[in-house]
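Open the model in your viewer and keep the selection tool at hand. We will go from one stop to the next.

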Amino acid sequence: MTLEIFLQNAANGITLGSLYALLAIGYTMVYGILRLINFAHGEIFMISTYFAFYGTAIFALPWQVSFVAAIILTALLGVVIERAAYRPLRDAPRISALISAIGVSFLMANLGLVIFGGRPKTFYRPPIFQAPIELGGVRVVALFFVIPLLTAVLLVALNYIVYRTKTGLAMRAAQWDFDTARLMGVDVDRAISITFAIGSALAAVGGIMWGLRFAEINPNMGLFPGLKCFIAAVFGGIGNISGAVLGGFILGFGEIMLVAFLPGLAGYRDAFAFIVLILILLVRPTGLLGDKQRVKV
Amino acid sequence: MADTNIPALVCESVTMRFGGLTAVNGLNLRVPQGALYGLIGPNGAGKTTVFNIVSGVLCPSSGAVKLFGADVAGLTPDRIAHRGIARTFQNIRLFRNLTVLDNVLVGLHLRREANLAEALLALPRHRSEEAQMAATAAQLLEEIGLQDVSHYRASALPYGQQRRLEIARALATKPAVLLLDEPAAGMNPAETEDLMRLITDIRDRFSLTILLIEHEMKVVMGICERMTVLDHGETIAEGTPEEIQRNERVIKAYLGGGAVARN
Amino acid sequence: MMAQQRVVHPALKIAAVCGALVLFFLLLSWGQEHWDAYTVRILNLCGIYIGITLGLNLCNGFTGQFSLGIAGFMAVGAYTTALLTMSPAIKQAVFFIEPLIYPLNSVQWGFLPSLLMAAVVSGIVGFLVGAPAIRFRGDYLAITTLGFAEIIRVVFTNIVPITNGALGLKGIPPHTNLVWSWGFALVCIAVMVRLMRTTYGRALKAIRDDEVAAEAMGVNLFFHKNLAFVVSAMMAGVGGGLLGNLITTIDPNMFRFPLTFTVLMMAVLGGLGSITGTVISAAAVTVAMEAFRVLEEPRVILGLAIPGVPGMRMVVFSVALMIVILFYPKGFMGDREFSLDRVKRFAAGVRRANTSKQG
């Protein structure tokens, strides 16, 4: 393998890793606060791409407006899903909430199929992201720089919100214990809603970038990228935002490199993430950066 | 178990560390056969950690736990139950959706003889065993005073009866040593009184050795023959109730202020 | 306890049950010939899904080990049965990319041994999946088993000399009929009913209610959880085998997560932890699945051409699942069982209420 091909693959890996990271953050934040695998997160991601698509394709909005609108709508969607499908089950057994999440996931995927149609749609790609840039003999489009940079910027912003603002403090307090947080004057419901809004907004950014990168969107694109990103979050240490980002990068990068270096195993690409999951849970269930959690007896 | 001089339960310099925190430090405990032994101490003293080690939920960082002379530290909880240690839990852990009777029957499960195939095919050994189990369970419930509610769901019982059911379920495993984790927690004085009578009673009737964690000083002082006092994982005293009550360190660490007023 | 119950001699009871069974199967084998193909197909699917859903319920409901791997075990059973029942000539025709490996290419077994083999193989796979996975709790077990099912599917897509890869298998002999599918359902019902009446069944339910307490009472978690997991996998495997020999073509993509979702939905609607609830719900959902097919077919109403809407069926079922989980979280039956006693008690209650109203 030449250096050029390696660099090309590395660029692919970093891009995919960034996208996984953006989605994994949503999983890790929701799991951190509700102890729930938000199965519907992948579908939130899928629907965000359609919001952006319809903004440009049907409402003929400028892409900037369309993308921003898509992010806002997706954030709202996340909040609505939590209100409708998770909040009523907050005191129910955790498995009920999980079943509800699976139900929402299926509902949205199939609603997507009904409303958007099963045929893939072509995502509008503004030329600015396609501008070629040559660097060290490797030629890539601007998008390959935009995605990781944007991810980094969002991560800094998210860290600011979570660790430097009152809202972030409320979210972290709710992660520990709802009742205690309430006694301390934290509006837990609001903290959860904000968590869903932020997670979904990041998924929307990821979705739009996904559309820009792969050009095609379809209603079934949510479930498996979603599950992979949940795995990335577990890999990094569930509940830990930096861990989710790290896990996302490792998983995205690993997936691309697996295919690049061992083309014979390319067919096993979709199993790769699950094998990683099982290994990590067996060897180090708390993930790379996670804290130890134990069952209280 | 023939030799009555072997203590029922021994902890030899048992230490338990969670990361940087030492929950139990070098605990030495010697519970003679047939004793009713107390383990007391303020909140966070490490009492429940000791129970979790003895019952196999936790594996001690170092030290040995001996049941009639045989080391059991590090065995899984179900193996330890087979060896003859049963326990109750501080925050009641019944099988909430099972009936009272079924809760006790689960306790009898580990002494089963019939294998899975015999059970599935309803072969004679299984059928006679099921009948026998039902009879044993009914008898246990009667002895503990729950015979009238045996077909209720466990979660439907009032608090005091739930605690009693936990004891009945533990007795069903035919233990030699019974660990009771704050059995009187949340009970009113009358219920507590009843419970104390029950505990001494079952000790004699089932020839048990009982190790009891208690917060309520009255209970321990009233029924335990000897006790060990823990504070922050350290053993600060060991002796008879009278000795403990006079012990300076205990009074300072535990009985000080509020507790004295409460007594 | 009900006071005086009529005592029936056990031998009489057994004779009555046997008689009913004989009649039932006579009816089924008569129906196989005389009912129309559509009805027979739906009834076959009902029997198969009753068995599979009971298996899922054993693991997810009765034992509380929330597994999402059922589609993987169905795939294992379906491929095992198909490869054993297909004739060597058909196998040679189907495996045109890469030939099927020896000895699979030259064997042809009867249906019963093939199904038993499917039970064994999926049971072994169930153990291999379960042994490492069951130490995880709750949603981690769910996602791990989902992962294993995906891995099974991906592996099946890639080991072409055994599975024919993504093309799948065609020309599987249509052995499955009403007697087979309902025989399977009845065996599964019998196993569940028996198991839940034994001390082993109580131990499984104890694990569901409180794992820590169960272990402290001497219940070996590894053995009992694996018991539930393996039996569940075996039922799924045999069900998968029956399904393959009913529809005669299988490919790896049939066994994706939506299949698990369908079975899970049947179990949840009927009540996780209820045998009768599962039977009723699995049959009802299977029928509804077929009935709602019209939603997705293009048709003409009052001269208006309405195009078919793919996905509409699953929208309906997802909404149904959501409503149940949000408003009746225990499903149709919860963990109760439907019995004549219960009906009698209920009827007595209604009568008493009526008389007291009149009085």
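**Stop one: chains C and B**

Select chains C and B: their contact takes 23 residues from chain C and 28 residues from chain B. Two residues are in contact if their C-beta atoms, placed from the backbone, lie within 7 Å. On the chain C side, α8 (178-196), α9 (199-209) and α10 (211-216) each supply at least two residues. α9(C) gives the most, with seven residues. Helices (H or I, at least four residues) and strands (E, at least two) are DSSP runs, numbered from the N terminus. Color this side by class: 12 residues are nonpolar, four polar and seven charged. Ala, Val, Leu, Ile, Met, Phe, Trp, Tyr, Cys and Pro count as nonpolar, Asp, Glu, Lys and Arg as charged, and the others, Gly among them, as polar.

This is a predicted model: local features need pLDDT of at least 70, side-chain atom pairs count only at pLDDT 80 or more, and totals for chains, interfaces and linings use all residues. Residues are numbered from 1 along each chain as its sequence is written, while chains are lettered from A and ligands numbered from 1 in the order in which they are written.

**Stop two: chains C and A**

Now select chains C and A. Here 32 residues come from chain C and 34 residues from chain A. α6 (138-158), α12 (257-270) and α14 (312-327) of chain C each supply at least two residues of the side that touches chain A. α6(C) has the largest share, 12 residues.

**Stop three: Ile210(B)**

Zoom to Ile210(B), in strand β8 (residues 209-214) of chain B. Show its contacts, including Leu36(B), Tyr37(B) and Ile199(B).

Conventions:
Lists of a residue's contacts leave out its neighbours within four places in sequence.
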